[in-house]
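Student: I have a chain on screen and want to read its fold from the atoms. Can you take me through it?

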Amino acid sequence: RWNHVVIPSLIQPFMLFERERLLHREEHTVQVEEACRCGKQWRLLKVLCMYFERLETIEFHVCGCPSQTAARQLVLCSLFPCAPLHPSLAVSIDMLEFVAELFVQQAPNERAWATLV
């Protein structure tokens, strides 16, 4: 499901997020969308969000509409979901970028890396 449905659907929201971040150069605040008015059944989803400096729980509405999926809404809030459909945990995209860069620069000796950090 990640490869064929979720990740391709997140490209456009991620590009919108990156554009917003480059234009404003400030921390992107969580702005969850209102409940969809499509008439489909929706549910309230509670997600624990991990940032560098804090943990925060947010609640938002999800339904079957492509514009209201949990993953899409989280990416627009600078978060990446840890599950494709109904995530209960999301990690800051900034934190993921930092960790990815850290592991590229990581020393092969993990003890040396642990001492450095």
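Tutor: Start with one term: a contact means heavy atoms within 4.5 Å. This is a predicted model, where local features need pLDDT of at least 70, side-chain atom pairs count only at pLDDT 80 or more, and totals for chains, interfaces and linings use all residues. Residues are numbered from 1 along each chain as its sequence is written, and side-chain values use heavy atoms, with hydrogens and water left out.

Student: Among contacts between residues at least 6 apart in sequence, what share joins residues at least 24 apart?
Tutor: Take the contacts in the protein chain between residues at least 6 apart in sequence. The share that joins residues at least 24 apart is 52%.

Student: What pattern does the protein chain follow along the sequence?
Tutor: Helices (H or I, at least four residues) and strands (E, at least two) are DSSP runs, numbered from the N terminus. The chain has four helices and four strands. Read along the sequence, the pattern is α-β-β-α-β-β-α-α.

Student: Which strands stand at the edges of the sheet?
Tutor: Two strands pair if DSSP finds at least two bridges between them. The open sheet has mixed pairing and the order S2-S1-S4-S3. An edge strand has a single partner, so one side of it is left without a neighbour in the sheet. That applies to S2 and S3 (79-81).

Student: At what angle does H3 run to S4?
Tutor: Axes are lines fitted to C-alpha atoms, for helices over the stretch in contact, and angles run from 0 to 180 degrees between N-to-C directions. Helix H3 (residues 93-104) lies across S1, S3 and S4. Its angle to S4 is about 65 degrees.

Student: Where does the kink in H1 lie?
Tutor: The bend at a residue is the angle between axes fitted to the seven residues ending there and the seven starting there. In H1 (residues 2-24) a kink of about 35 degrees comes shortly before the proline Pro13. It lies at Ile11.

Student: Is Val6 buried or exposed?
Tutor: Val6 is in helix H1. Its C-alpha atom is separated by 6.3 Å from that of Pro84, 78 residues apart along the chain. With a relative accessible area of 5%, Val6 is buried.

Student: What phi does Ser78 have?
Tutor: Most residues other than glycine have a negative phi. Ser78 sits in the loop between H2 and S3, and is buried at 6% relative accessible area. Although it is not a glycine, Ser78 has a positive phi of about 70 degrees.

Notes
Buried means under 20% relative accessible area, exposed over 50%, partly exposed in between (1.4 Å probe, protein chains only).
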